There are 2 protein chains.
Amino acid sequence: MFASLPSPISIALPQHQSRLQGRQFNRKDLLPINSDCIWKIDSGLVRTFTWDESGRIMTLGFWGAGDVVGYPLSYLDPYFIECLTPVTVWQVLPDSSYVKQALWQRVGKSEEFLSIVHQHDVGGRLMHLLIWLADQFGQPIAEGQLLDVHLTHQLLAETAHTTRVTVTRILNQWEREGKLKRSTRSLILLKQDLDASVSTKG
Amino acid sequence: MFASLPSPISIALPQHQSRLQGRQFNRKDLLPINSDCIWKIDSGLVRTFTWDESGRIMTLGFWGAGDVVGYPLSYLDPYFIECLTPVTVWQVLPDSSYVKQALWQRVGKSEEFLSIVHQHDVGGRLMHLLIWLADQFGQPIAEGQLLDVHLTHQLLAETAHTTRVTVTRILNQWEREGKLKRSTRSLILLKQDLDASVSTKG
């Protein structure tokens with residue numbers, strides 16, 4: 001498992017920055033994209049993605065409370081930020097001290113994410129991805145680690161660069177083997193499997 | 001091709017920060033790794049990498065003049081920073097204003113890099129990788145774009161998550177097809193091929 005991440009940074013927004021106000025979005029909404037808009041995520045989970053010439057979607061990252069996302073942070077086009085849950089964001093100014101701390105975290109998280117999608121076999125990629133997601137965005141329960149986010153097989157395929165059919169086959173197999181439990185909208189990584197480890201710092 | 005990157009940021013280091021001094025490293029050297037050491041690259045090219053449980057090396061990024069690298073920027077362990085050319089670096093303080101600008105750039109570059117290694121077929125990954133490297137670290141010449149860095153087939157394999165044998169086979173094929181020219185220590189992407197495009201911003 002990865003070293004634990006720093007806690008989300010808390011930020012007190014000055015009153016006079018009236019353009020900075022909390023905004024709510026629903027699952028499947030796309031966050032507004034424009035050239036001077038950086039969002040700090042207050043609650044919820046988003047993913048960033050692009051697509052290649054053939055139209056295949058590629059997930060670039062998953063971001064939650066405390067992270068910053070926005071078009072100015074990427075050199076890619078097309079570039080999308082999709083809400084995977086209900087999301088609350090605040091607009092932050094690029095030169096705020098908050099952004100520096102958040103960029104710092106983002107660099108580290110991007111490398112973790114990259115080391116996962118780099119894995120050679122699709123089963124390893126998918127398992128490490130689920131562990132990483134559950135570790136960052138899930139919560140411990142008696143049975144294991146609950147990831148209470150509706151992750152479609154298509155989305156997992158777009159992240160682990162494989163096909164939806166392969167994701168379905170592997171998840172079915174892991175369910176039979178007692179590695180995880182699923183409902184439509186959540187997933188539990190069962191305890192025995194949380195010992196699967198990724199090399200980590202510290 | 002990607003949108004052009006901002007020029008490397010120039011930085012004037014205060015005289016009183018005597019711990020901040022330029023250091024030279026040779027090709028194949030590893031930059032010193034410790035928990036409070038962030039390097040600003042002045043010249044040369046490095047890559048960051050880790051490995052998985054089976055010992056397979058995974059390249060996490062390529063960094064050149066103006067970029068910052070260092071153990072504090074990653075959550076991964078093991079974590080290495082390898083010089084691919086002779087390199088000059090300066091140690092910078094984590095709270096310097098320079099680091100914020102450099103982190104900003106790094107976030108964007110990491111996503112570009114991720115969108116490359118995410119590509120589905122190994123040929124596409126490898127070609128986009130070469131174009132990206134040539135674009136950032138190469139120079140235009142009459143025949144095309146010269147990448148004057150000794151990139152071994154093994155290193156390319158560790159980046160495009162494939163095998164050395166596959167890299168050799170594909171590069172040989174591209175050389176026969178007139179897409180590139182190679183010597184031991186450099187590579188030229190021939191003009192016709194530079195039109196192969198990646199979706200870009202702007």
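Where does B:Pro78 lie in chain B? B:Pro78 sits in the loop that runs between β5 (68-70) and β6 (80-83) of chain B. Keep in mind as you look around that this is a predicted model.

The peptide bond joining B:Asp77 and B:Pro78 is cis, with omega at about 5°. Chain A has a cis bond as well, from A:Asp77 to A:Pro78, with omega near 5°. A:Pro78 is in the loop between β5 (68-70) and β6 (80-83) of chain A.

Another spot to check out is A:Lys28. Its phi is near 80°, which is a positive value in a residue other than glycine. You'll find A:Lys28 in the loop between β1 (22-25) and β2 (38-43) of chain A. As background, most residues other than glycine have a negative phi, and most peptide bonds are trans.

**Where the two chains meet**

Now for the contact between the chains. Chain A puts in 53 residues and chain B puts in 53 residues. Together they bury about 4,600 Å², and carbon and sulfur atoms account for 60% of that area.

Across the interface, 18 residue pairs are in polar contact.

Which elements of chain A each supply at least two residues to the side that touches chain B? They are β3 (46-51), β4 (57-63), α1 (97-117) and α3 (153-159). The biggest giver is α1(A), with 16 residues. Sorted by class, this side of chain A holds 22 nonpolar, 19 polar and 12 charged residues.

Setting aside neighbours within four places in sequence, B:Arg56 is in contact with A:His118, A:Gln119 and A:His120 from chain A, along with B:Thr50, B:Trp51 and B:His161 from chain B.

**How some helices pack**

| Helix pair | Angle between axes | Distance between axes |
|---|---|---|
| α2 (122-137) and α4 (164-176) of chain A | about 70° | 11 Å |
| α1 (97-117) and α2 (122-137) of chain B | roughly 155° | within 8 Å |

Take the chain A pair to begin with. With an angle of about 70°, α2(A) is roughly perpendicular to α4(A), because angles of 65 to 115 degrees count that way. On the α2(A) side, the residues are A:Val122, A:Gly123, A:Leu126, A:Met127 and A:Leu130, and they meet A:Thr166, A:Val167, A:Ile170, A:Leu171 and A:Trp174 in α4(A). By class, that contact has 8 nonpolar residues, 2 polar ones and no charged ones.

Over in chain B, the axes of α1(B) and α2(B) cross at roughly 155°. That makes α1(B) roughly antiparallel to α2(B), because angles over 145 degrees count that way. Here B:Lys109, B:Glu112, B:Phe113, B:Ile116 and B:Val117 from α1(B) meet B:Arg125, B:His128, B:Leu129, B:Trp132 and B:Gln136 from α2(B). The class count for this contact comes to 5 nonpolar, 2 polar and 3 charged residues.

Technical notes: Residues are numbered from 1 along each chain as its sequence is written. Chains are lettered from A and ligands numbered from 1 in the order in which they are written. This is a predicted model: local features need pLDDT of at least 70, side-chain atom pairs count only at pLDDT 80 or more; totals for chains, interfaces and linings use all residues. Side-chain values use heavy atoms; hydrogens and water are left out. Contact means heavy atoms within 4.5 Å. Buried area is the accessible area (1.4 Å probe) that two parts lose on being put together, summed over both. A polar contact is a pair of N or O atoms within 3.5 Å; within protein, one must be able to donate a hydrogen and the other to accept it, and residues adjacent in sequence count only if both atoms are side-chain atoms. Helices (H or I, at least four residues) and strands (E, at least two) are DSSP runs, numbered from the N terminus. Ala, Val, Leu, Ile, Met, Phe, Trp, Tyr, Cys and Pro count as nonpolar, Asp, Glu, Lys and Arg as charged, and the others, Gly among them, as polar. Axes are lines fitted to C-alpha atoms, for helices over the stretch in contact, and angles run from 0 to 180 degrees between N-to-C directions. Angles under 35 degrees count as roughly parallel, over 145 as roughly antiparallel, 65 to 115 as roughly perpendicular and the rest as oblique.
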